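Trainee: I am new to this structure. Please take me through one part of it closely, step by step.

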Amino acid sequence: GSESGVDRDRTEGGATVKLEHGTPREIEGESMRIIGRELEAMGIVLPAGCEAVVKRAIHTTADFDYARNLRFTPGAVEAGVAALRAGTALVTDTNMALSGVNRGACEQLGVERFCYMADPQVAERARAERTTRAAAAVDCWASEHPAGIFAVGNAPTALLRLAECMEAGTLRPALVIGAPVGFVNVVESKERIWSVCQDLDVPAIVAMGRKGGSTVAAAVCNALLY
């Protein structure tokens, strides 16, 4: 829909429907109110500390399944907010997720954003080890930002490698956001990272099941930033 602030008319079933467009802030506010009403109609009550994250994931996807499949370790939201306020680096597995994270909000907090998928050394390491670039990139995360916030929205292999590094003690994230999407190793990678984060007492927000994506990972990051 348009965000120009201009009203337009549309004919629908013989009747004229007036389409009202406000500012982007007004549109977002109304969207959040609609989400709240629909959640209430479904009988879903979100935990207060997790509400903003879940609503932003729904706002990004128009998918109310995130009210049920987003899982939080105790205090994960608070830990993520505290890490961002402390200027902790935020690392994503895709440039799409990186571009979706609000740059201005990060700059205000002194948070640097990184993605290593296009790094030639990562590509070479992936070829040498016969693995994915996403998995090879995690080794860069461990060496460059061992206590960073890690947001995975595409590659289950990144979550699996992240779990291995955590168990080996080469990194301890301030927060893990696990939201890859797809059919191969996706469910399993999320269950694995969830289990490891629980065992090691690492804060985590994970979209269980098949659903997710770079936009969801970015949405979770933005909810914490906002």
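This is a predicted model: local features need pLDDT of at least 70, side-chain atom pairs count only at pLDDT 80 or more; totals for chains, interfaces and linings use all residues.

Mentor: Asp-201 follows α10. Its phi is positive, near 60°.

Now step back into the helix itself. Helix α10 covers residues 186-200, which makes 15 residues. At 1.5 Å a residue, α10 should span 21 Å. The C-alpha atoms at its ends are 21 Å apart, so expectation and model agree.

Next, look at what is covered. Buried here means under 20% relative accessible area. In α10 the buried residues are Val-186, Ser-189, Lys-190, Ile-193, Trp-194, Val-196 and Cys-197. Viewed down the axis of α10, these buried residues fall within an arc of 170°, so they line one face of the helix. An α-helix has 3.6 residues a turn, so residues three or four places apart point the same way.

What does that face meet? The buried residues of α10 pack against β3 (70-72), α9 (156-168), β7 (175-178) and β8 (204-207).

Take β7 from that list. Leu-175 and Ile-177 point one way from β7. Val-176 and Gly-178 point the other way. All of these are buried.

Now follow the strands beside β7. On one pairing, β6 and β7 run parallel over 4 bridges. Ile-177 of β7 is the bridge partner of Ala-151. On another, β7 and β8 are parallel and joined by 3 bridges. There, Ile-177 stands opposite Ile-205 in β8. The link between these two strands brings us back to our helix. From β7 the chain crosses through α10 to β8, and this β-α-β crossover is right-handed. The unit made by β6, α9 and β7 is right-handed as well.

Helix α8 has 12 residues, 133-144. At 1.5 Å a residue it should span 16 Å, and its end C-alpha atoms are 16 Å apart, which agrees. α8 is mostly covered, with 9 of its 12 residues buried. Among the buried residues are Val-138, Asp-139, Cys-140 and Trp-141. The run from Ala-134 to Ala-137 is buried too. The buried residues of α8 pack against β4 (90-92), α7 (120-129), β6 (149-152) and α9.

Keep one picture in mind. α10 lies on the chain's path from β7 to β8, and its buried residues pack against both strands.

Methods. Residues are numbered from 1 along each chain as its sequence is written. Side-chain values use heavy atoms; hydrogens and water are left out. The expected span of a helix is 1.5 Å times one less than its number of residues. Buried means under 20% relative accessible area, exposed over 50%, partly exposed in between (1.4 Å probe, protein chains only). The arc is that of the directions from the helix axis to the C-beta atoms. Contact means heavy atoms within 4.5 Å. Two strands pair if DSSP finds at least two bridges between them. A crossover is right-handed if, with the strands pointing away from the viewer, the path from the first strand over the helix to the second runs clockwise.
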